[in-house]
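Me: Hi! I'm about to open a structure that is new to me. Could you walk me through it?

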Amino acid sequence: MTAGSKAAIKDATGTLLKSICSENGLRDEYLLDQAACTPLSVTEAQDAIEVLEITLATLEASMKPRIVQARKRRNAFLSINRLPVEVVVEIFHTVLDSDALCPPSTPTHLARLKTLASVFSVWRSLVSGTPSLWAVLESTCPPAFLPTVIQKAKGSLLNIRCLVTGRYFRDLDLEVNGTAFLSAVIPLAQKWAALHLDIRVSHDPWIDRIVETHLPSLRRASVRSDSRRLVANPFGGAMSQLRELKLHMVLIDWASVELKGLSALVLKSCRAPSISRLLAILKRSPGLQLLDLTTADPDITDAQAPSTIASIVLPYLKDLTLRDISHQATSLLLQSIHTPRFRTILIAPKLYNERTPFPETNSNLEHLLPAMRFALNEAKTVDFTILGNEVNLMVDRGLNDPCFKLCWGINGPQGLQNHITWLQRNLDLKTLSASGITAGSVHFSNPIDPENLPHRLIFEWIPNITELSVKHSTGVSKLIQCLTERVRDGNKVEWRCPRLRKVEFGGFSTPREDVFEFARRRYGGRPKGSAVNQDGETTIHWPDKLECLEITGVSGMDYEAVEELKDITGCELILGLHSDDDPETQDELDSDESEDD
């Protein structure tokens, strides 16, 4: 604030005080005249106190309406308050219900609505007078207040959210409130537009009653149960308006279901429709954005020959998950689906026998490669994880772009080797990202076969690897051997993964000798200054300085070993020897023991 602004505010404040004092017959010298603030006697001081108390009380009473009026005028100039009412209401809906099928949570919808209404009077009036903002009925709503909420929603289509638990963590209040809530809202079934039902109790007759209720206005449905009981006539046959269907452990008779125009289809631990019926649903849903089949294996007995299966173009499909379903069904679906881009693709066919590799499915992805390459374009960071039976590739394109995640089920070392080879051949990260990848992370989270470890392929495929994590001791020696080999290119010598700055050895009983070999062969002799030096005609490019080393799983480590590692690597941050609240050095430990003595 400039000096001129401060002076103007001071002058305006003085003028306002004089005006208020004049209107109320008060003396303002005690407020504005510094000399008048120094009474000469006790009596004068008491008089001054009385005058000031009266003046302060009058000022507070006079200023309050002026402050309220000033705030109203200020708020009237805010951008959001100059928008049309319909736009503001739509913003409120987005804030209150970003996920239209979110479960009852804390804070509840009513609590969030109250927060909006408490901002200022204009919003309070808007919230109170907009029925659609009250059209979310949750089982967490106090029973005494539920009729008021229903009344304020008036004729709006309703979003019903109900949670009833009790099988494993019995919550009698939730169960009683949930059943009472459902009794109150079922008469309004004609107005249900969205339903989130999570009933996990040992006996749940509500599933049949609700899921078979005629719901002509239903657009979105998410139903979870633990009973796995068959529902013969879902939603009373009124599914023509349905746009999102998410079922978990709910069995329905697909012969009586006619679905079309879906934007989301999620089936988990359910009976899936036959493959031909499922493909027909997809064909009638060109706007589909989410398809998730998890332990919901389609029957393939009515499947057509692969050569006769028509292509199904889903231009808006973002997330595809095919987990724990048969390889045949996975192949048929992948061959049929065509889309220009992905956000998430997770393919993990059912593993019948851990010793018998399932057939390769990479060939079914050939027509989806353009969508994957589009997702990898302009990538900024890459995270690659190898699990026991799965590999995950996470790509981040920046703060404003969604991540791309590719998960693929594998079975056995040969399956891993084949998949890594396929990825390297078809998704060249260095070319697709135009060398824009600034950081890559590699994580080995399960035991790995040292004889069939495709570590060289991974290190060559992912550019600028800065982080490496090994959660098991098996295969560590092979990894270290690869990372400590000098790679010669003409007169240039460097190490693999030269940008590597963080390493974790988290595998239980990782040999101490392996870690020291890694430190000596990769960082021993590294110049403290420049990372480049000459050895005759050879230019040696040393790896980046190690910034963090975690030794959680290394056996035989002590304070002396940690200090030796610091001397060899130059790394100041070595974690995993003690918990955070333990002394960091042996000197501190000895000091603590001396104090105890």
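Me: Let's start with Glu138 and Arg161: buried or exposed?
Reply: Both Glu138 and Arg161 are buried (buried is under 20% relative accessible area, exposed is over 50%, and partly exposed is in between, with a 1.4 Å probe and protein chains only). Before we go on, this is a predicted model: local features need pLDDT of at least 70, side-chain atom pairs count only at pLDDT 80 or more, and totals for chains, interfaces and linings use all residues. Residues are numbered from 1 along each chain as its sequence is written, and side-chain values use heavy atoms, with hydrogens and water left out.

Me: What do Glu138 and Arg161 form?
Reply: They form a salt bridge, with the closest N and O atoms 3.3 Å apart (a salt bridge is a side-chain nitrogen of Lys or Arg within 4 Å of a carboxyl oxygen of Asp or Glu). Glu138 lies in strand 1 (residues 136–138) and Arg161 in strand 2 (residues 158–165), so the pair ties together parts that are 23 residues apart in sequence. Helices (H or I, at least four residues) and strands (E, at least two) are DSSP runs, numbered from the N terminus.

Me: How many salt bridges does the structure hold?
Reply: It holds 16 salt bridges. One of them is between the side chains of Asp292 and Lys268, at 3.9 Å, N to O. That pair links distant parts of the chain, with Asp292 in strand 9 (residues 290–294) and Lys268 in strand 8 (residues 264–268), 24 residues apart.

Me: And how covered are those two?
Reply: Asp292 counts as buried because its relative accessibility is 10%. Lys268 has 32%, so it counts as partly exposed.

Me: Which salt bridge partner does Glu517 have?
Reply: Its partner is Arg521, and their closest N and O atoms are 3.2 Å apart. Both lie in helix 17 (residues 512–523), four residues apart, about one turn of the helix. Salt bridges that share partners also join Arg499, Arg501, Asp544 and Glu547 into one network.

Me: New topic: which strands pair with strand 18?
Reply: Strand 17 (residues 439–444) pairs with strand 18 in the parallel sense over five bridges, and strand 21 (residues 502–505) pairs with strand 18 in the parallel sense over four. Two strands pair if DSSP finds at least two bridges between them. His443 stands opposite Ser469 in strand 18, while the bridge partner of Val470 in strand 21 is Phe505.

Me: Is strand 18 mostly covered or mostly open?
Reply: Mostly covered: strand 18 spans residues 465–470, and five of its six residues are buried.

Me: How many residues are in the largest nonpolar core?
Reply: There are 137. A nonpolar core is a set of buried Ala, Val, Leu, Ile, Met, Phe, Trp, Tyr and Cys residues joined through side-chain atoms within 4.5 Å. Those with the most contacts inside it include Trp192 and Phe384.

Me: What does Phe384 touch?
Reply: Not counting residues up to four places away in sequence, Phe384 touches several residues, among them Val391, His443 and Trp461. Contact means heavy atoms within 4.5 Å.

Me: Last one: where is Asp299?
Reply: Asp299 lies in the loop between strand 9 and strand 10 (312–313). Leaving aside its neighbours within four places in sequence, Asp299 is in contact with Pro273, Ser274 and Ile275. Asp299 and Ala329 are 30 residues apart in sequence and 7.8 Å apart in space, C-alpha to C-alpha.
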